Amino acid sequence: MGLTHQSTGAPVAHGELRMEKKSRNDRVIALAGNPNVGKSTVFNALTGMNQHTRNWQGKTVTNAQGYYTHRATDFILVDIPGTYSLMASSAEEVVARDFICFGKPDTVVVVADATCLERNLNLVLQILEVTDNVVVCVNLLDEAKKKGIQINLQMLSEQLGVPVVGTSARAGVGLTELMDRVEEVSFRRLNTSPLPVFYRPEIEKAIALVEPAVEQTVQNRIDARWVSLKLLDPDESLEESLATYLGRDITKEPLVKGSLKKAQRLLREHGIGPEELRDSVVSTIVAKSETIYQASVILKNQEYNRRDRRLDKLLTSKATGIPIMLALLCLIFWLTITGANYPSQLLSDLLFGFQDQLTQWFTAMHAPDWLHGALVLGMYRTLAWVVSVMLPPMAIFFPLFTLLEDSGYLPRIAFNMDKFFKKANAHGKQALTMCMGFGCNACGVIGCRIIDSPRERLVAVLTNNFVPCNGRFPTLIAIITMFFAGMVALPVQSLFSTLLLTVVIVFSVAVTLFMSKFLSKTVLKGVPSSFALELPPYRRPQIGKVIVRSIFDRTLFVLGRAAAVAAPAGLLIWVLSNVMIGEMSLLAYCTSFLDPFAQMIGLDGVILMAFILGFPANEIVIPIILMSYLCTGNLMDLENLEQLRTILVDNGWTWLTAVCTMIFSLMHFPCGTTCWTIKKETKSWKWTALAFVLPTVSGMLLCFFVANGARLLGLA
Amino acid sequence: MNDIFSLNQLPIGQKGRVYSLDSRGKERRRMLDLGLVHGTTVEALQKSPSGDPVAYFIRGAVIALRDEDARKIIIES
């Protein structure tokens, strides 16, 4: 800590990836690779080894760094976003490219997928053009072996001119060797001689014209040949990053400018325009990848991916694709709802039992009433609700969702649903970012970086909040269980709840699509841009690890947030309800102020206030509602969850209130974290404001129509 | 004899080789990044439930392309 990235000689052009070196001897390792190659697993396996892991959010959308010690040297491992090429087109790829090119890591580890090596070599070769200090990590060797793909690592290493290490990171195989090679390369004890890629003679001549001028200008701060080639193939974002990195725009230096002109004239004379240049450069690299691949990989079974194709036939075909998708969704919800019942009841018994104990202690100590009220009835009780009602469904839903994500199914959802997104003028990858939103909207918003068109990225950012996150699921589940499950006989109640929840989710997806279309026709006019969606090989998720880690991480996270947000909120409610102005408590003033408007949209003042107070964390909405009702008078002992319904009904809830609360839960302002993330991602207050206003206004309108429609029809 | 047509017309289960790309700029770059250069073999694997996009096998990876993008990739069989 304390040393900035500047002073330690690892400057980063974008400021996006910043690292903290503990000492000057620390080595900075960049972990690069295509998406879906198990980069995160390698990261976790390495950093977890010596227990230096930071709290790390699990997916590649956020850039993480971790530490590990190997043979008395501290290594800082920077996980950079997955990318297919250094010719960056999306915001994520720019971050990755800038770190590799300008972050000056001591070593770049390129993680490649052994089951799909040819495609991965493209990136490896591009990185080798920038830096010599590369170690290639061929991961997923176990998967490759299963598929009968045999990789000659020795041959691959000879061909590439850098160390190649085979790993199966999930099983922890090959990591020590990887760390050995990384150490050797980092301290330059192992000389690498990366395979040079030669382009067609005219291009080589052009590079030769520019290179001496560039070399003189940049000295050895960056590979002159690579810079020369990139200057010939102009790329605005790269030139910008290069200028930031070097502190000046070298294309404006007379020497470079002159030689560039000459080189471009030469290319033109040979009929090589910008398009032809790029085609030729890429074709050369692709051809080279193919040659290397053919020399080092033997397919023992030509039909090695037959199982994946069969699965795809089942999961994405016309007849079965969408039904299976819905069935899987139902299954996850059913497991969540039924699975949460028991721990929920148990926690509730335990925590509210302890509340009585607390009360006894307070009485025994002759503590004043207000102190008992504020601490036990205010803070403790709200906390207890968050833990007993909200935590169990979250702790079950999240790992299930992660399992689905790890298995490679989410891109198939995007594939199945693409037509709808296309009709909504949205990007095909928005289906992916929407799915991430089910886990956490803030993560979904960051995930939108994978969308390279700015317009469609904004559409995805602004609409992400329309699907409920892990923190809002329990609210929906609680309301459905309390108000609607009772409509059917007991044995099928959880099944019925599941179906209702699925309907609610399908509705939220429909709203997302509708809003995307709406934005595309109004403030963000445009047509969908081209995109390519990779359907990665299916992987058996590490069930045990995922469950343990996400329950553990999530539990701690939620408990932490509950303590940070729910406890003060509970205290606030209690204070508000006990400070009287004349006949009325402050709380009553607040809620009765909101009430007329809230009634118009089918809610009441308390519910609306709970949503406002729930801005820092949506998990506390239901607990706040209960808390407020209880504070306004009829205090009662809560033995079980059944009685929660009684509290609500006693305070005027009908099925219509329940429906409107669910609608508003799906369609209201994003939580504090998400708003902050949107501001960070869009770098604009205007879009952040729109992200806030759009769901709130549309939610209020919908609630208004539903409430008044139902009232007019005499349904409620 | 070589037939020349666009990728979206390639029947499921059939293979073709990339002849040229019709796209320009960023779009073209994205296609090149996938390894879609002259001579690359492409196999049409599977249609999505609505028939668009279609998944293709390209250099060891499965890539889904929308109809209007596949239209701009010219292949020969």
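Strand β9 of chain A and strand β5 (residues 61-65) of chain B run antiparallel and are joined by 3 bridges. Strands count as paired if DSSP finds at least two bridges between them. Within β5(B), B:L65 is the bridge partner of A:A532. Helices (H or I, at least four residues) and strands (E, at least two) are DSSP runs, numbered from the N terminus.

A word on the model: it is predicted, so local features need pLDDT of at least 70 and side-chain atom pairs count only at pLDDT 80 or more, while totals for chains, interfaces and linings use all residues. Residues are numbered from 1 along each chain as its sequence is written, chains are lettered from A and ligands numbered from 1 in the order in which they are written, and side-chain values use heavy atoms, with hydrogens and water left out.

**Where the chains meet**

Let's look at the interface. Contact (heavy atoms within 4.5 Å) links 46 residues of chain A with 35 residues of chain B. Together the two chains bury about 3500 Å², with 49% of it on carbon and sulfur atoms. Buried area is the accessible area (1.4 Å probe) that two parts lose on being put together, summed over both. A:R119, A:F415 and A:S530 supply 17% of the area that chain A buries against chain B, more than any other three residues.

There are 9 salt bridges between the chains, each a side-chain nitrogen of Lys or Arg within 4 Å of a carboxyl oxygen of Asp or Glu. One of them joins A:D418 to B:R66, with the closest N and O atoms 2.8 Å apart.

Which parts of chain A touch chain B? Elements that each supply at least two residues include α3 (117-130), α13 (321-364) and β9 (532-534). Helix α11(A) gives the most, with 7 residues. This side of chain A has 16 nonpolar, 13 polar and 17 charged residues. Here Ala, Val, Leu, Ile, Met, Phe, Trp, Tyr, Cys and Pro count as nonpolar, Asp, Glu, Lys and Arg as charged, and the others, Gly among them, as polar.

**Strands within chain B**

Strand β2 (residues 15-21) of chain B has two antiparallel pairings, listed here.

| Partner of β2(B) | Bridges | A bridge pair |
|---|---|---|
| β3(B) (residues 41-47) | 3 bridges | B:K15 with B:E43 |
| β6(B) (residues 73-76) | 4 bridges | B:L21 with B:I73 |

**A helix in chain A**

Finally, A:N152 caps the N-terminal end of helix α5 (residues 153-160) of chain A, with a side-chain oxygen 3.3 Å from the backbone nitrogen of A:Q154. After α5(A) comes A:G161, whose phi is positive, near 80°.

Technical notes
Polar contact = N/O pair within 3.5 Å; in protein donor to acceptor, adjacent residues only side chain to side chain.
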